Amino acid sequence: MNKHGLHQDHSQAWIVQTWLAFILSVGATSIGILYLPVDNWVKGYMGMGLVFTVGSTISLTKTQRDTYEAKKLTTRLDDAKVEKILAEHNNFNL
């Protein structure tokens, strides 16, 4: 953990589980598309839909994470400014 106690690392088991779930879900959907009883044009269309869905999901999660990290950094900077102002303030100065 870092000095602020806000950071929590993921365990190796969690990382492996998320990758396996991703690979299994994309693989199972791909196999399902391949074995559909339709012509190749429909399969291609559904395959493109799967690819675009995965790509947009990755973009969305990255954007969400970047927004969260930017807010966290801004909050830390604001906290540092407030601490500096409070440290410089002297109530006993007449």
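Biologist: How many aromatic pairs does the count come to?
Modeller: The count comes to one aromatic pair, formed by W19 and F22. Rings of Phe, Tyr and Trp (its six-membered ring) pair if their centres lie within 6.5 Å; planes under 30 degrees apart count as stacked, over 60 as edge-to-face and the rest as tilted. This is a predicted model, in which local features need pLDDT of at least 70, side-chain atom pairs count only at pLDDT 80 or more, and totals for chains, interfaces and linings use all residues. Residues are numbered from 1 along each chain as its sequence is written, and side-chain values use heavy atoms, with hydrogens and water left out.

Biologist: What is the geometry of the W19 and F22 pair?
Modeller: W19 and F22 are edge-to-face, at 6.2 Å centre to centre with 90° between the planes.

Biologist: Where do W19 and F22 sit along the helix?
Modeller: Both are in helix 1 (residues 12–34), three residues apart, so about one helical turn separates W19 from F22. Helices here are DSSP runs (H or I, at least four residues), numbered from the N terminus.

Biologist: Is W19 buried or exposed?
Modeller: W19 is exposed, at 55% relative accessible area, whereas F22 is partly exposed at 35%. Buried means under 20% relative accessible area, exposed over 50% and partly exposed in between (1.4 Å probe, protein chains only).

Biologist: Which residues make up the nonpolar patch on the surface?
Modeller: W14, I15, W19, F22, I23 and I58 form that patch, and together they have about 630 Å² of accessible area. Patch residues have over 30% relative accessible area and no salt bridge, and nonpolar side chains (Val, Leu, Ile, Met, Phe, Trp, Tyr) are joined within 5 Å. Accessible areas come from the Shrake-Rupley method with a 1.4 Å probe.

Biologist: Which helix gives the most to the patch?
Modeller: Helix 1 does, with five residues. W14 is found in helix 1 and is partly exposed, at 46% relative accessibility.

Biologist: Changing topic, how many salt bridges are there?
Modeller: The count is two salt bridges, a salt bridge being a side-chain nitrogen of Lys or Arg within 4 Å of a carboxyl oxygen of Asp or Glu. K62 meets D66 at 2.7 Å, N to O, and R65 pairs with E69, their closest N and O atoms being 3.1 Å apart.

Biologist: How many residues apart are K62 and D66?
Modeller: They are four residues apart in helix 2 (residues 40–88), about one turn of the helix. R65 and E69 are also four residues apart in helix 2, so about one helical turn separates R65 from E69.

Biologist: What is the relative accessible area of D66?
Modeller: D66 has 40% and is partly exposed. R65 is partly exposed at 47%, and E69 is partly exposed at 29%.

Technical notes
Helices (H or I, at least four residues) and strands (E, at least two) are DSSP runs, numbered from the N terminus. Patches are made of residues with over 30% relative accessible area and no salt bridge: like charges are joined within 9 Å, nonpolar side chains (Val, Leu, Ile, Met, Phe, Trp, Tyr) within 5 Å.
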